[in-house]
Structure formats: C-alpha cells, structure tokens
Amino acid sequence: MGLNNYLSHKRTAVLARQQRVADGTAQANQLHAHVTAEGRSGIRRLRIREHQIISDSPHDFAGFNLGPSSPELQLGVLGTCVTHIFEIQAALLQVPLDSIEVDIHGTIDPRAGQPGHEATPIWPHDIHYEVLLQSTATDTQLQTLFDAVEKTCPILNLLRNPQKISGSWVRKPTSATTTVPAASAHHPEALHA
C-alpha cells in the first residue's frame with residue numbers, strides 16, 4: 001500500500017489547520033529543545049517534547065559512534081522536513097504518490113579555518129538533496145509539487161536564508177561550590193573562626 005491513503009488523511013488535517021488560520025484561532029508554536037552532554041562519554045542527549053535523540057562523534061573524534069553527529073542530524077532534519085512538506089503539498093494539490101524518498105549529501109571539512117583552508121566553511125556546505133518519487137502523476141504535476149515544496153519547506157528556507165540567532169551563557173553552581181553559612185546573631189564569633 002502506497003502513501004495515497006495517508007495523503008487523504010493528511011489533506012483533511014491540513015485543510016483543518018488552514019481553516020483555523022483563516023478563522024484566526026491558530027497561534028504560533030513555541031519550539032524548545034534541550035541538550036545535555038553526558039559524563040564519561042560526552043554524547044549529546046537531545047530532548048524535544050517526550051522524544052530523545054543521541055548525538056555522538058565518530059571514533060576518530062573521541063566519540064563512541066552511538067549516534068549521528070550534529071552536521072549529520074542537520075542533513076537528516078532537512079530530509080525529514082522536505083519529505084513532510086512533500087506529503088502536505090501532495091495532499092493539498094491532490095498529486096498521487098506511492099512513495100517518497102529523500103537522499104541528502106553535504107560536506108563538512110575538519111581542516112576548515114586551519115592554515116591553507118582559511119576559506120573553507122566550518123559549517124556543512126555543498127548540500128544537495130534528491131527526491132525519489134513513485135507516482136502516476138504527470139511530470140508537470142510533479143514539477144508543480146516540487147516547486148510548492150521548495151517555496152514552503154520551513155527547514156529548507158531556514159538554511160537558504162540568513163537568520164538572526166542569539167546566544168548567551170549562564171554559570172551554574174558546581175558541586176564543589178560550598179556555601180559558608182552566615183554567622184548567627186547569637187554567635188558573632190563564628191565570623192572569626
């Protein structure tokens with residue numbers, strides 16, 4: 001069974017969401033992710049809502065290879081978003097799809113910023129994605145679908161357009177930090193002990 005049964009269900013959900021937007025009842029969603037570095041292994045545990053993903057480095061970068069690296073996750077996030085937007089746009093445009101596969105390639109170079117590689121980007125670059133579609137639709141319908149995805153995919157457009165991202169840091173108390181109890185009013189000599 002292909003995707004077409006699901007796309008019918010997806011169309012109902014997308015049209016209902018569009019109706020909430022038109023009615024003025026839809027609101028912006030606040031997104032949140034939290035990452036911790038695990039002791040002893042250094043793996044990064046990503047928590048989003050009730051989900052967890054482990055990110056790790058390959059063995060040659062002091063990792064245990066327990067999960068994808070951050071640049072790999074970024075390519076994966078692009079792929080999941082492109083796939084999802086293909087589902088949404090296919091449902092809206094009523095383009096039949098039996099299957100969707102997205103294959104993404106990119107480059108990250110550990111020499112970036114080093115002598116002789118000052119101009120090499122430190123970020124993933126040369127990113128290319130290819131979508132493999134199984135469908136009875138015409139080439140014209142599939143091109144229209146592709147164009148709609150390119151226009152509306154949030155993560156694709158996030159990566160293509162400059163963003164303002166702010167950051168900050170906060171010092172957390174360490175377990176070695178001890179608090180000296182305040183001297184009691186009854187025992188002022190405690191201050192001089």
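Helices (H or I, at least four residues) are taken as DSSP runs and numbered from the N terminus, and the expected span of a helix is 1.5 Å times one less than its number of residues. The structure is a predicted model, in which local features need pLDDT of at least 70 and side-chain atom pairs count only at pLDDT 80 or more, while totals for chains, interfaces and linings use all residues. Residues are numbered from 1 along each chain as its sequence is written, and side-chain values use heavy atoms, with hydrogens and water left out.

Helix α1 (residues 4-23) contains 20 residues and reaches 28 Å from its first C-alpha to its last, close to the 28 Å expected. Its buried residues (under 20% relative accessible area, with exposed meaning over 50% and partly exposed in between, for a 1.4 Å probe and protein chains only) are Leu7, Lys10 and Val14. These residues cover an arc of only 60° around the axis, which puts them on the same side of α1; the arc is that of the directions from the helix axis to the C-beta atoms. In general, an α-helix has 3.6 residues a turn, so residues three or four places apart point the same way. The face of α1 turned away from its buried side carries the exposed residues Asn5, His9, Thr12 and Asp23. Among what covers the buried residues of α1 is α2 (70-93), where contact means heavy atoms within 4.5 Å. After α1 comes Gly24, with a positive phi near 85°.

A search of the whole structure for disulfides (pairs of cysteine sulfur atoms within 2.5 Å) finds 0. The sulfur of Cys81 has its closest cysteine sulfur in Cys153, at 3.5 Å, which is too far for a bond. Cys81 counts as buried at 13% relative accessibility, and Cys153 is also buried, with a relative accessible area of 0%.

Side chains of opposite charge can pair when their charged atoms come close. With a salt bridge defined as a side-chain nitrogen of Lys or Arg within 4 Å of a carboxyl oxygen of Asp or Glu, the count comes to 4 salt bridges. In one of them, Glu38 pairs with Arg45, the closest N and O atoms being 3.0 Å apart, and Glu38 is partly exposed, with a relative accessible area of 27%. Glu50 forms a salt bridge with Arg49, with 4.0 Å between the closest N and O atoms, and both Glu50 and Arg49 are exposed. A salt bridge also joins the side chains of Glu150 and Arg160 (3.0 Å, N to O). This pair links Glu150 in helix α3 (residues 139-152) to Arg160 in helix α4 (residues 154-160), 10 residues apart, and Arg160 is partly exposed, with a relative accessible area of 46%.

Definitions and conventions. Helices (H or I, at least four residues) and strands (E, at least two) are DSSP runs, numbered from the N terminus.
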